[in-house]
Amino acid sequence: MESVTIFDSPGKGRGLKATKEFGAGEVIFSEASISAVVFDSLAERICHNCFRRQDKLQRCGQCKFAHYCDRTCQRAAWPEHKVECGAIKAYGKAPNENIRLVARVLWRLDKEGSLVSDMQLTTLDELEDHINDMQEDDLKELKVDVHNFLDYWPRTSKQHLIDDISHIFGVINCNGFSVSDQRGLQAVGVGLFPNLCLVNHDCWPNCTVILNHGNQSAVSTVFHSQQRIELRSLGKIAEGEELTVSYVDYLNLSEERQRLLKTQYYFDCACENCKNKTHDDVKMGGKEVDGVKPSDEQVKEATDYCFQMMDKMDKARLNGDYHEVVKICRDCIEKTEPVLADTHIYLLRMWSTMSEVQSYLQNFEEAAEYARKMVDGYTKLYHPHNAALGMAAMRTGVTHWQAGLIEVGHGMICKAYAILMVTHGPTHPITKDLEAMRLQTEMELRMFKQNEYVYYSMREAALKNKPMTMLHEPRSVEEGIKNLFHRKK
């Protein structure tokens with residue numbers, strides 16, 4: 001942690017600043033969690049040790065709750081799971097994820113003290129819990145969790161004051177970090193990383209956070225490397241500059257970002273983008289054609305219609321009626337696309353959903369068309385090294401590749417690769433996947449340029465021998481990237 005230091009950030013309280021200069025894509029620091037748990041809803045589908053998704057998991061024979069890839073993961077998890085295993089058996093069931101995480105954190109602190117690592121810059125006692133800022137409903141939930149925690153906590157373990165237990169719940173509530181699966185595409189759990197808690201928010205940040213799963217595949221646990229977060233620079237950072245990440249998605253309007261930050265993290269954002277309402281006009285603007293824009297009334301009418309259709313679209317999607325989703329999206333796009341700007345966030349949402357669902361239905365050419373529009377809009381709004389932009393470009397590249405549009409497909413995959421080399425680094429599994437795609441599409445592009453007929457003939461023959469399988473059910477791959485910080489709903 002020699003590269004960062006704690007300082008008092010004006011208007012924000014404690015923060016971290018760089019003690020040396022960084023370039024784009026550099027790892028500023030990495031940090032293992034004090035503890036992390038799998039979400040309740042995924043407890044039987046995600047390994048409780050390495051947080052990888054597996055088709056077949058082995059269940060703990062004692063508590064019947066924890067699941068592991070194999071004996072290797074089970075042995076690696078046992079030192080932390082041992083006390084938890086007995087507690088779950090005695091309680092009769094596994095409590096919710098927040099209670100499980102608080103218990104794991106307290107067991108570790110009881111065993112190792114308030115500083116569990118030489119690299120830890122702050123204790124949990126020094127972190128804000130914002131309990132005094134909570135709304136009445138949140139306080140009621142907190143009291144229920146504390147009550148259930150006391151029933152779950154073993155009498156043989158060290159007993160703690162209710163105020164101390166409540167403090168840990170509060171810290172997790174506003175500082176818990178979402179733990180993703182091995183591909184980095186879905187949040188599967190929540191962990192607590194004390195040093196990361198010191199990194200303040202900015203809507204246009206100079207850093208991003210990713211989860212590095214480390215290596216836990218070796219038979220001997222001696223050769224395992226810890227799962228850890230990495231704080232990575234998005235561009236040049238000067239010595240003495242504050243390090244910031246974004247707690248919310250920049251695609252939201254400044255007013256919505258302010259609301260989310262106030263209700264979820266209990267502060268008012270005073271960044272330049274919020275003060276100046278940067279990009280708000282184009283996020284809700286009209287389409288300009290030959291210097292002529294639609295009237296404010298036309299834009300409002302199209303915006304309101306789009307908003308209504310999004311609600312219907314979400315309901316149809318929830319019901320799994322994807323043909324209805326396509327119909328709703330197509331009707332909405334036909335009516336609003338001539339009026340709304342290509343950066344209008346509701347239109348971008350329609351294009352994104354249309355692309356995902358049409359890919360799922362294997363209508364790749366139409367999916368590619370809307371995916372391209374989505375990325376063009378994102379490019380005008382997001383930071384050039386935003387991870388959500390990189391993931392969207394990857395999806396768009398793959399969709400064009402599947403549609404046989406190899407030139408655009410290769411270009412988009414190269415764009416995604418360049419972004420994720422900064423945000424995720426060269427060793428992340430998804431970056432490695434992109435590298436393989438980049439080499440494959442580069443080879444196919446050379447073949448295409450040499451002889452289009454031969455390229456399409458070989459592609460058609462390959463598809464006949466190995467037809468495209470049904471894709472996974474559509475879900476936004478950007479969501480896990482946008483919502484980095486876990487907030488109990």
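This is a predicted model: local features need pLDDT of at least 70, side-chain atom pairs count only at pLDDT 80 or more; totals for chains, interfaces and linings use all residues.
Trainee: Which residue does Arg317 meet in a salt bridge?
Mentor: Its partner is Glu356, at 2.9 Å from N to O. Arg317 lies in helix H8 and Glu356 in helix H10, so the pair ties together parts that are 39 residues apart in sequence.

Trainee: And is Arg317 buried or exposed?
Mentor: Arg317 counts as buried, at 17% relative accessibility. Glu356 is also buried, at 7%.

Trainee: What about Asp331 and Lys327: how far apart are their closest N and O atoms?
Mentor: Those atoms are 3.5 Å apart in a salt bridge. The two residues are four apart in helix H9, which means that about one helical turn separates them. Asp331 is partly exposed, with a relative accessible area of 28%, and Lys327 is partly exposed at 47%.

Trainee: Changing topic, how many residues of H4 are buried?
Mentor: In H4, 11 of the 14 residues are buried, so this helix is largely enclosed by the rest of the structure. Among them are Ile165, Phe169 and Cys174. Helix H4 covers residues 162–175 and reaches 20 Å from its first C-alpha to its last.

Trainee: Which residues gather in the patch of negative charge on the surface?
Mentor: They are Asp125, Glu126, Asp163 and Asp164.

Trainee: Where is Glu126 placed?
Mentor: Glu126 sits in the loop between helix H2 and helix H3. Its relative accessible area is 46%, so Glu126 is partly exposed.

Definitions and conventions: Residues are numbered from 1 along each chain as its sequence is written. Side-chain values use heavy atoms; hydrogens and water are left out. Patches are made of residues with over 30% relative accessible area and no salt bridge: like charges are joined within 9 Å, nonpolar side chains (Val, Leu, Ile, Met, Phe, Trp, Tyr) within 5 Å. Accessible areas come from the Shrake-Rupley method with a 1.4 Å probe; for residues, only the protein chains shown count as cover. A salt bridge is a side-chain nitrogen of Lys or Arg within 4 Å of a carboxyl oxygen of Asp or Glu. Lys and Arg count as positive and Asp and Glu as negative; His and the chain ends are not counted. The place of a charge is taken as NZ of Lys, CZ of Arg, CG of Asp or CD of Glu. Buried means under 20% relative accessible area, exposed over 50%, partly exposed in between (1.4 Å probe, protein chains only). The expected span of a helix is 1.5 Å times one less than its number of residues.
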